[in-house]
Each structure stands twice: as C-alpha cells, then as structure tokens.
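Visitor: Could you take me through the end of this chain, and then through a pair of packed helices? I would like one connected account, please.

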Amino acid sequence: MSPEPTRMVAAGTPLIDSHCHLDARAWEDDAGVDAVVARAHALGVTHMVAIGSGYGFESANRACSVAGRHAAVVASVGLHPHDAAEFTDERLADMLALRGGIANVVALGEMGLDFHYDYSPREVQRAAFRAQLAAAKELNLPVIIHDRDSSGETLTILDEERAFDTGVLFHCYTGDVAYMQAITDRGGFISIPGIVTFKTGETMREVAARTPMERLMIETDSPFLTPVPFRGRKNEPAFVGYVAAKVAEVRGVTAEAIATTAAENTRRFFRF
Ligand SMILES: [Zn+2]
C-alpha cells in the first residue's frame, strides 16, 4: 500500500501543476473532478492548467467547464494528435469559439505529433497540428506540445510555423538533453512529469538537472504517469509536489525553490 500523500513544500509556496487532465471521463463525473481539485488545494497546489485535449473534441468543452467552476483552474483547448483523424476546420472553429464563454482559456493544446502510437495517420496529424499553430498565431496564444517519437519533425514544424513567437511548451518532455537545448535555445519551455521519480527515469533526471531554471515547469499529466511512491494509483494534481521534490533533489536545491520558479514560469508563459 502506498503512503498517504503529504504537502511537499512549505505553506505559502506557490505550487502549480502545468498539465493535468481534469476530464470527467477520467474522474467519473464533475463531482469527481471537483474532489480532485479540492485534494490538490489541501496539499498546497495553488493553480492547475486543465488540458482541453486528449479525450476527443469534447475534452475542450469539459476543460472550460472545470475552469469555469474553479478560480484556481485555467484551461487550454486543442486537439490531441491521437484524435487528429476527427479534425475538420469547422470543429476547430467550434473549439476556438469556446474561448468566448470564459475568460481563462490561456493556451491551445495539447497538440503535436505522436509517431509512437500512430493512432491517427501521420499526414492527418501534421495537418491538424499546423492548423492549430496557425490559429494560435492569429489569437496570440501560446501552445502546449505533445511530441512522441517524431524524430525532430515537431520542432521543424514549430520553426516553419514560427510558433516560438507566441510561446511553446513541451509538456511531459521525454527527449534527451540535446533536444531540450534546441527547444530552450529557441525560447521554448520544458515541463517535467512524474517520470523523473521512476527507476527508469535516468534521462529525465538529466534533463531536469540541466534545463535552464527560467525555462522549467512541472506537471502531473494526471491521470497518467503517477509519481513514486504512488505507483498503481491514479495520478492527480495533488502529487505535483513530489515532482517538485525530485527535481529539487537532482538540482541540489529546495523543493520550495523549484516550486516557486516553476510557478512563476507557468504564470508568465500562460499569462494568468
Ligand atoms: Zn496531456
């Protein structure tokens, strides 16, 4: 049995989960989502970015709904590469129209390329990705990137679409140090997930140690990638302090220092 989670940073420290799926499909219903938010608050999580992507087109709606219910939650809207086969210009327009309903839609995404699972054909993934980047440019919004085994093509497309002008965050970054440097040299941000606590997370710890402090964020990617010592449980934003603590350990600083800087970076990037 895993221990009861505790608060990993001192009271008064800002602590932000830069990427979580507070989707009712992951948490049974709205009440389930609200309980997850309450547990995060109880462990010192000050803000959460609810990702409106990854559970089909309707996830944008649901992320906006949870952000509308909680002042501490901001939302993104987007289409995950897994769902790219569902993409049409009309659906993109509908999704972007959600922004009119609430004030706290702060980004587009997650979007990008996933050539590991290839759930949608690659040509379709590329087209959906480029269309969303164009929209972000037009709306002057930053983008949240999902990149899995694209062999650098994600970065090439970001360059071609001049996405770094309006802000790029690689969430759940799983590349190596050299790719991280290519991203941060362009002004991009890197978000470190709970993999940093895994026995197999050696590369992730190296990246966490070497990412420039002013380019670093932390996340849970809940309900996935639960950090140690809660493996086997569903991941939730309440555990983001454990990511902060591990990043702090590999950098030889305090968890408070990591949480504070990551929170500042997150607010600066998403402008909330
Ligand atoms: Zn995600």
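Guide: Let's start with Phe 272, which counts as partly exposed because it has 14 C-beta neighbours inside 10 Å. By the rule used here, 20 or more other C-beta atoms within 10 Å of a residue's own make it buried, 12 or fewer make it exposed, and anything in between is partly exposed, with C-beta atoms placed from the backbone. A word on the source: this is a predicted model, where local features need pLDDT of at least 70 and side-chain atom pairs count only at pLDDT 80 or more, while totals for chains, interfaces and linings use all residues. Residues are numbered from 1 along each chain as its sequence is written.

Phe 272 sits in the segment after H9. Leaving out residues up to four places away in sequence, Phe 272 touches Val 74, Asn 104, Val 106 and Arg 267; contact means C-beta atoms, placed from the backbone, within 7 Å. Asn 104 is 168 residues away along the chain, yet the C-alpha atoms of Phe 272 and Asn 104 are separated by 8.0 Å.

Stepping back, Arg 271 follows H9 and has a positive phi, near 55°. Helices (H or I, at least four residues) and strands (E, at least two) are DSSP runs, numbered from the N terminus. H9 itself covers residues 255-270, and its 16 residues reach 22 Å from first C-alpha to last, close to the 22 Å expected, where the expected span is 1.5 Å times one less than the number of residues. Its buried residues are Ala 255, Ile 258, Ala 259, Ala 262, Ala 263, Asn 265, Thr 266, Phe 269 and Phe 270. They lie on the same side of H9 because they cover an arc of only 165° around the axis, the arc being that of the directions from the helix axis to the C-beta atoms.

Now for the packed pair. In H7 (residues 202-210), Met 204, Val 207 and Ala 208 are buried. Their arc is only 100° around the axis, so they share the same side of H7. Helix H6 (177-185), strand S7 (189-192) and helix H8 (240-251) are among what covers them. H7 and H8 pack at about 75°, with axes 8 Å apart. That makes H7 roughly perpendicular to H8, since angles under 35 degrees count as roughly parallel, over 145 as roughly antiparallel, 65 to 115 as roughly perpendicular and the rest as oblique. Arg 205, Ala 208 and Ala 209 of H7 make the contact with Val 247, Val 250 and Arg 251 of H8.

How values were computed
Contact = placed C-beta atoms within 7 Å. Axes fitted to C-alpha atoms, helices over the stretch in contact; angles between N-to-C directions.
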